[in-house]
Amino acid sequence: MKIKSICCIGAGYVGGPTMSIIAQKNPHVKVTVVDLNSERISNWNNKDLSKLPIYEPGLSQIVFESRGRNLFFSTDIDRAIDESEMIFISVNTPTKTYGSGKGMASDLKYVELCARQIAKVSKSDKIVVEKSTLPVKTAEAIQNILENNTNGVKFQILSNPEFLAEGTAMRNLEVPDRVLIGGDMSTKEGQEAVKALVNIYLSWVPKNHILTTNLWSSELSKLVSNAFLAQRISSINSISELCESTGANIQEVSKAIGMDSRIGSKFLNASVGFGGSCFQKDILNLVYISKSLGLNEVANYWHQVILMNDHQRSRFTRLIIKTLYNTVSGKIISFLGWAFKKDTNDTRESSAIYIADLLIDEHAIVRVYDPKVTATQMQCDLNRLNSRSEKENEKYLIYRDNPYDALKGSHAVAIMTEWDDFKKYDWNEIYNNMEKPAFIFDGRNILNRDEIEKIGFVYKGIGL
Ligand code: UDX
Ligand code: UDX
């Protein structure tokens, strides 16, 4: 079966870039990306490509190439569903903030709504693809909803988890380590659906990089991949604390262990803690599933990865407070970076939010510059933690659109995101305009300690 029309529900960080590549590589397939959020859709359609709703290096060129040819962004969800043979579900699945599983389980409300909508409007057979990361066995629930709400239309459910990392999404999509497709391999229809999706990817991905599995293996592999990656960061962050107490140097340790080809060098940068929409949520899902199955040791083992991350954030905050003579009240702490990593404007679960919150608890003024994050976004992130009133937050969290303004007159700089530009700043000028002694807390170990200390700064990194 050759697919001629695809629809994707959810025009976010995953749906937008993924569909842009699929459209670029399959010019004869009509790809329509739909979203409830009309502002987001109108930004995707903006003539000015710098106004696309998400920032991702290389994305705008690809959108430019395909948009209006075979790539469309629309709010007409029903029509796009009805006209497509294959429907991707790429809506967000936040951690539940209420009821059973609160703080742990994924809220599948949006996914379920999508399934019901698909069932309601479909007049012909469809292949439904889970793109959102979902707890194991969600496909079963989607299948049930679809089968019990249709009049004779047949659905095949596939799982096709996304492995792109933000900031490098376009490269990850162009040359993926692997594409994973899970389906019901026990039926002929299931196998055909898998084949149809394999064919879409074969337009640019070599066959030996496309892996097909059963549905549950595919769903579980996504959670486990993220858990393993996050575990590496928590492991190296735990060692960073040990380094600080012993005089070992975390960068030397990372290099030394990473050169063991069995360990490998990636994801061993000690940091202020991992953020992003996936790591925490996916591990919590793994923990929740394990607990539900009565596997308490498994649950506790993985939960420790999150606890270590929380610890790294509060440890960094305590270091700032202690170094500034045990009081930050009324002092200005300037943050460089608010995004959860460089090259993205995404701030979900960014450590910067949590550290700002802890510092504001101590009445510090947190002044922030990030090359891609807006003031509104920062305030929203802080308000969402619900620690204090919005008015109070506005008093303590100050935005600047220029790094030199942000740093002027401040008592300390805290580097939260590893943006390349931060390394190129004129640190001499910054030093001259700061209160003395001038402190730098390098939460990403990106500056050259010797050069910075030579200027006169007191420098504190992670695990150094
Ligand atoms: C990602 C991944 O897809 C997912 O695996 C992970 O669980 C959460 O993060 P992402 O694309 O980054 O999702 O999320 P987001 O940028 O929030 O995009 C989701 C979009 O879906 C939003 O634009 C939202 O408006 C839209 N949406 C949500 C709908 O169109 N319909 C809904 O019912 C719910
Ligand atoms: C992650 C997975 O990498 C990706 O495969 C999956 O599809 C979605 O989740 P993402 O969250 O976009 O991607 O970014 P990632 O590059 O994994 O970084 C996550 C966090 O870990 C960031 O806050 C980053 O700064 C931090 N990190 C990463 C470290 O602290 N140290 C490292 O060595 C690497």
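In this predicted model, a polar side-chain atom of Ser277 lies 3.5 Å from an oxygen atom of ligand 1, a polar contact being a pair of N or O atoms within 3.5 Å. Taken alone, ligand 1 exposes 690 Å², of which the protein buries 91% (accessible areas come from the Shrake-Rupley method with a 1.4 Å probe).

Around ligand 1 there are 19 residues, and Asp35, Arg40, Thr133, Lys281 and Arg348 come nearest; a residue counts as near if one of its heavy atoms lies within 4 Å of the molecule. By class, this shell has six nonpolar, nine polar and four charged residues. Here Ala, Val, Leu, Ile, Met, Phe, Trp, Tyr, Cys and Pro count as nonpolar, Asp, Glu, Lys and Arg as charged, and the others, Gly among them, as polar.

A polar backbone atom of Glu166 is 2.7 Å from an oxygen atom of ligand 2, while backbone N or O atoms lie 2.9 Å from a ligand 2 oxygen at Phe163 and 3.3 Å from one at Leu268. Alone, ligand 2 exposes 660 Å², and the protein buries 91% of that.

The largest nonpolar core has 42 residues, of which Ile6, Ile22, Met86, Phe88, Leu197 and Tyr201 touch the most other members. Such a core is a set of buried Ala, Val, Leu, Ile, Met, Phe, Trp, Tyr and Cys residues joined through side-chain atoms within 4.5 Å, where buried means under 20% relative accessible area (1.4 Å probe, protein chains only). Helix H8 (residues 188–202) gives this core its largest share, seven residues. Apart from this core lies another, of 35 residues, including Trp338, Ile355, Leu382 and Ile462.

Residues are numbered from 1 along each chain as its sequence is written, and ligands are numbered from 1 in the order in which they are written. Local features need pLDDT of at least 70 and side-chain atom pairs count only at pLDDT 80 or more, whereas totals for chains, interfaces and linings use all residues; side-chain values use heavy atoms, with hydrogens and water left out.

Key. Buried < 20%, exposed > 50% of the residue type's maximum accessible area, 1.4 Å probe, protein only. Helix = DSSP H or I, 4+ residues; strand = E, 2+ residues; numbered from the N terminus. Polar contact = N/O pair within 3.5 Å; in protein donor to acceptor, adjacent residues only side chain to side chain.
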